[in-house]
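This briefing looks at charged side-chain pairs and at one pair of packed helices. Please keep the sequence and the model side by side while reading.

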Amino acid sequence: MSSVASVHSLWTVAAGAPGKIPGPHIEYAQLSPTLIVLGAAVIGVLIEAFVPRAARYYSQLLLSLVALAAAFAAVIGLAAGGFGSSKAHIAAMGAIAVDGPALFLQGTILLVSLIAVFTFAERRLDPAAHGKRVDSFVAEAAAVPGGAAEQAAVKAGFTTTEVFPILLFAVGGMLVFPAANDLLTLFVALEVFSLPLYILCALARRQRLLSQEAALKYFLLGAFSSAFLLFGVALLYGYAGTVTYAGIAEVVSDGAKQIDPALAGTMGNDALLLIGGALVLMGLLFKVGAVPFHMWTPDVYQGAPTPVTGFMAAATKVAAFGALLRLLYVVLPGLRWDWRPVLWGVAILTMLGGAVVAITQTDIKRLLAYSSIAHAGFILAGVIATSEDGVSSVLFYLGAYSFVTLGAFAVVTLVRDAGGEATQLSKWAGLGRRSPLVAAVFAVFLLAFAGIPLTSGFAGKFAVFKAAAQSGAGWLVVVGVLSSAIAAFFYIRVIVLMFFNEPKADGPTVAVPSPLTTTAIAIGVTATLVLGLAPQYFLDLAGQAGVFVR
């Protein structure tokens, strides 16, 4: 009876003391890049609901471009205000880090997304359907492929303008992911950007069944990886009694200072730490596309609409590697001797696996998918360096790689035959004679992927290999150079196919794009050459942004 009375007195005390519950302290200005993007995504959903169909495309395109440009300006403002260096701190009650790596990665993601919006909005490549221009996305996503509802939607000239707010939601999650400073925020951010990507992968206008199969594979394997990550989060909480990065790092390095009575039986248990850390690492390596968690990559890259593939290949890698760096450098630096050998093995398998399997590919999108797997291995070499140079080299590589990737996939959208994009490599024979400019631009991107000097790819590879060598990972660099040599073979093979083979009579044509795709490709080429010819300023910028706040 006394217990009931005490509970009742608790209720009356709580009810009789309004205003005693402390409100959360949120630094809205420092979270403004993410808030701008997510706010625009919500407005985009309202546009879909209330704006007439004829006006939606231009409204969504304008909103997306303005929101991403404003968010990028906000990142620049924060960096100029010293939040990347002297004023770096933990915001949103410990949930989000505002520091150099976070701002650098957020700026890269926003620039990549801005260029991706141009490719999403392209409407001149496909032939007009019933007198109306169409883009790469399905007329009505909910319709059965080839069914009466889909044919009616095509005839009416419908387009899925929802792709713009969906893209913005994905970008919002990606902005939080590398800046997350506790494990629950990390998981929420992972889901916020993964779910929109699963949807975008299923929305191809042509080859819809292949597109839906890609989305389903991505969803199922992504759900597995999310489950691993969440189970790892639970184990790390059991180990440290907290989900904050600093709290876990403190228990790892010093042992538990104040043991929570409820967790006294498990706190400091190294088995929980090792298994939990490994599971969280697996979830992040899946997003990165590292071997052996790479099996989704070629199928999804091939089946998804090519603008989505380009966006995913560039932006997801930037966000996932940012989160991986923060986890290893902030949470688990005390476990360096445990995770470095594991990542050595993963990096070697990823570099060699991606390069060797790419040789056998006959589809240009699958070839670029295996190429992206090999690049994940090269970037892991910089992660393994565990030094400030390692962080800055990874940041630079991610920035350089993302522009090359976007440009390459934008070129892939231009080469077409009667069935849509001509992605079979055999169809690219003689492209250099048919359309010398497009072939030359694609050759620049391939040379950058191969790491040929005077391209951004060379500067990036040199930076990560140098950082790895200085940290004592010399053998890893040797494997990286061998993998680069293997990879160079299939990149050069495509260049030879384009310029030194006779074009086939029934070969594909190169569609003339609108200024949107032309701009995306031009930015990609410019960034590739500028970062290759004069990389020092950008290397210094990455160097200044290479220190995590703890």
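This is a predicted model: local features need pLDDT of at least 70, side-chain atom pairs count only at pLDDT 80 or more; totals for chains, interfaces and linings use all residues.

Is Glu502 buried or exposed? Glu502 is exposed, because its relative accessible area is 56%, above the 50% cut-off for that class.

**Salt bridge of Arg433 and Glu502**
- The exposed Glu502 meets the side chain of Arg433 in a salt bridge, with an N to O distance of 2.6 Å.
- This pair links distant parts of the chain, since Arg433 belongs to helix α16 (residues 431-434) while Glu502 sits in the loop between α19 (474-500) and β5 (509-510), 69 residues apart.
- Arg433 has a relative accessibility of 46% and therefore counts as partly exposed.

**Salt bridge of Arg326 and Asp99**
- The side chains of Arg326 and Asp99 also meet in a salt bridge, at 2.9 Å from N to O.
- Here too distant parts of the chain are linked, with Arg326 in helix α12 (residues 306-331) and Asp99 in the loop between β2 (96-98) and α4 (100-120), 227 residues apart.
- Both partners, Arg326 and Asp99, are buried.

- Arg366 forms a salt bridge with Asp299, and the closest N and O atoms of the two are 3.0 Å apart.
- Because Arg366 lies in helix α14 (residues 364-384) and Asp299 in helix α11 (residues 296-303), the pair ties together parts that are 67 residues apart in sequence.
- Arg366, at 18% relative accessibility, counts as buried, because the limit for that class is under 20%.
- Asp299, at 23% relative accessibility, counts as partly exposed.
- Both residues belong to a network of salt bridges in which Glu213, Lys217, Asp299 and Arg366 are linked.

**Packing of helices α8 and α10**
- The axes of helix α8 (residues 208-240) and helix α10 (residues 270-288) come within 7 Å and cross at roughly 155°.
- That angle makes α8 roughly antiparallel to α10, because angles over 145 degrees are counted in this way.
- The crossing of α8 and α10 is left-handed.
- In the contact of α8 with α10, the residues divide into 17 nonpolar, seven polar and two charged.

How values were computed:
Residues are numbered from 1 along each chain as its sequence is written. Side-chain values use heavy atoms; hydrogens and water are left out. A salt bridge is a side-chain nitrogen of Lys or Arg within 4 Å of a carboxyl oxygen of Asp or Glu. Helices (H or I, at least four residues) and strands (E, at least two) are DSSP runs, numbered from the N terminus. Buried means under 20% relative accessible area, exposed over 50%, partly exposed in between (1.4 Å probe, protein chains only). Axes are lines fitted to C-alpha atoms, for helices over the stretch in contact, and angles run from 0 to 180 degrees between N-to-C directions. Angles under 35 degrees count as roughly parallel, over 145 as roughly antiparallel, 65 to 115 as roughly perpendicular and the rest as oblique. A crossing is left-handed if the near helix is turned anticlockwise from the far one by less than a right angle, and right-handed if clockwise. Ala, Val, Leu, Ile, Met, Phe, Trp, Tyr, Cys and Pro count as nonpolar, Asp, Glu, Lys and Arg as charged, and the others, Gly among them, as polar.
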